[in-house]
Amino acid sequence: MASKPTSAIVPDCANPFDTQLNLQVILRDDPHYGSRRDSYWAVNSRLAPSCFVLPNSPEQVSAILSALVAQKRQFAIRCGGHSPVPGTNNIADGVTIDLSLLTGVTVDTDSKTVRFGAGNTWRDVYKECTKHKSTVAGGRGGDVGVSGLLLGGGSTWMSAKNGWACDNVLSFEVVLADGRIVTADKNSNSDLYRALKGGSNNFGIVTSFTMPLLPSDRIWGGIGVTPTTAIPEVIDVTWRFTEEQPQHPDSYLMAVMSYFPALGGNVAATVVYQGEGVSDGPEFKGWHELPKVMDTTKETTIYDLSFDITLPRDYHNAWFTLCFNNDKRIMQKAAQAHQAFVNELRAYVSDGDFISQCIFQPVPTIIAEHSAAAGGNVMGIERNSGHAILFHYTAMMKTSEQAAYVYPKLQASFQVIRDYAASVENGLNSWVYSNYADKSQDVIGSYGAENISFMKQVSEKYDPGQVFQKLCPGGWKIPDSK
Ligand SMILES: Cc1cc2nc3c(=O)[nH]c(=O)nc-3n(C[C@H](O)[C@H](O)[C@H](O)COP(=O)(O)OP(=O)(O)OC[C@H]3O[C@@H](n4cnc5c(N)ncnc54)[C@H](O)[C@@H]3O)c2cc1C
């Protein structure tokens, strides 16, 4: 029997766009389709859209959006493709708008700003800034996309000095649902400007960002790896660092309890940074005293360090997050729950090829003060009554069977930690960080009633047809707008 042509087997393989638009459209029968789909960092994001469309200008984004709205077609928006939540950045059977061609990084040394396209990675931006002994308050890992991180908030090396990455955006260029290309900054569309800081893909497609250039030359940073026998000391160092970070805002430390075969199995890692290159300040005294089996710290640049802050591709990923008070008891409980989780997985995954992480990042109250000074965002973190810890709990599995087995186990272990934090007086904060959350978590609902109401108003004003609520289902939508 003759085999059917591909287009008959795979439905919806027709170009939905007018060919006169000269768009780069990658249909399912295109030889580049597979590599585009596999360019996503996590295997679970590698869904099969009807096509990928790659605009190379804001005008092309506008034409694409207008066509999709006219045809009432569902779509997803993808920048760096590093979110592991299925459906956030890709869509099965819809159209995926892939912003990878929106590159270009322009440093303006007169205004001390940098403008960059929404398809860049942080490494692209750091590369240009470094030529001017400068940087921006962006992501730590170089491969991560600028857009997802900035629109979701953005935890950075410099958060205690400059706020969340989104607080540092001076201006967004945005394509609205009706195809208009607008600027959102503190003078024009200032409500949209604030809503985009943490509001993710709910208001439009951002095509470029402008951020202030921050002086940065030689910094000190890297990773220290400590045996798990010293977990209590690592937690103590993390707690103290978080309490004292307001006095040392140009320094950073996060702790990562991990099962990582490449590092020899169970470890307690710490990731450190100092913006002036000073490694022996009092804030790092406890860190220097930790026993280490590996230490990659060195004098370097943010650009070079961005190569070291990476995680392997090609795994099925599950992520959960919460924010709790800076309390050693909660960190200890989390480390114990993580160890029990790892023991369970080691018994199940015979070749030991999986990775888990239980990460504690400092969120001192000074970060919210920087956010307010910059005009505010919509995440509502100023409701934290004291210094806090942003907790990120992850598992990386090789096969879909393992991923299906592990997801409920990670979720159950996460729930144990969450319940414990909630049982401690003032232990649990309500904020859920979009960039680390699982699909089951209520991200926008956690921003607080005032912010939700504000986001609804902005959404109704700039997107009266509710295109980004209805046709762009991925990510976290504004409650009651679905
Ligand atoms: C190795 C690694 C390191 C990381 N380091 C950090 C870190 O230091 N700090 C931190 O806070 N987070 C970090 N993260 C988490 C990261 O912020 C999120 O995964 C983020 O979503 C990735 O952004 P992206 O552009 O690659 O994502 P994508 O997966 O492409 O997009 C994420 C979301 O943003 C939306 N979106 C993307 N572009 C646009 C646009 N232009 N307009 C409108 N909506 C858009 C998408 O629709 C999707 O909902 C890291 C993740 C990894 C895997």
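In this predicted model, helices H8 and H11 cross in a right-handed manner. The axes of H8 (residues 231-244) and H11 (residues 328-348) come within 10 Å, with a crossing angle of roughly 140°. Because angles over 145 degrees count as roughly antiparallel, the arrangement of H8 relative to H11 is classed as oblique. On the H8 side, the contact involves Ile231, Ile235, Asp236, Thr238 and Trp239, which meet Lys328, Met331, Gln332 and Ala335 of H11.

Two open sheets are described next. In one of them, five strands are arranged in the order S5-S6-S10-S8-S9, and the pairing is antiparallel. Strands S5 (105-108) and S9 (181-185) form the edges, each pairing on one side only. From one strand to the next, the twist averages 15°. Within this sheet, S8 (residues 171-175) and S10 (residues 205-212) are joined in the antiparallel sense over five bridges; valine 175 has isoleucine 205 in S10 as its bridge partner. Helix H3 (residues 58-70) packs on the sheet and touches S8, S9 and S10, its direction making about 40° with that of S8. A further helix, H4 (residues 122-130), lies across S5 and strand S6 (113-117) and runs at about 30° to S5.

The other sheet is also open and consists of four strands in the order S1-S2-S4-S3, with mixed pairing. Its edges are S1 (24-27) and S3 (75-78), each of which pairs on one side only. Neighbouring strands are turned against each other by 20° on average, direction ignored. Strand S3 pairs with S4 (residues 95-98) in the parallel sense over four bridges, and arginine 78 has aspartate 98 in S4 as its bridge partner.

Attention then turns to a single loop residue. Valine 136 is located in the loop between strand S7 (134-135) and helix H5 (146-152). This residue counts as buried because 29 C-beta neighbours lie inside 10 Å, the threshold for burial being 20 or more. When neighbours within four places in sequence are left aside, valine 136 is in contact with Val114, Val125, Cys129, Asn168, Met211, Leu213 and Leu214.

Conventions:
Residues numbered from 1 in each chain as written. Predicted model: local features only at pLDDT ≥ 70, side-chain atom pairs only at ≥ 80, totals over all residues. Pairing = 2+ DSSP bridges. Axes fitted to C-alpha atoms, helices over the stretch in contact; angles between N-to-C directions. Buried ≥ 20, exposed ≤ 12 C-beta atoms within 10 Å, placed from the backbone. Contact = placed C-beta atoms within 7 Å. Parallel < 35°, antiparallel > 145°, perpendicular 65-115°, else oblique. Left-handed = near helix turned anticlockwise from the far one by under 90°.
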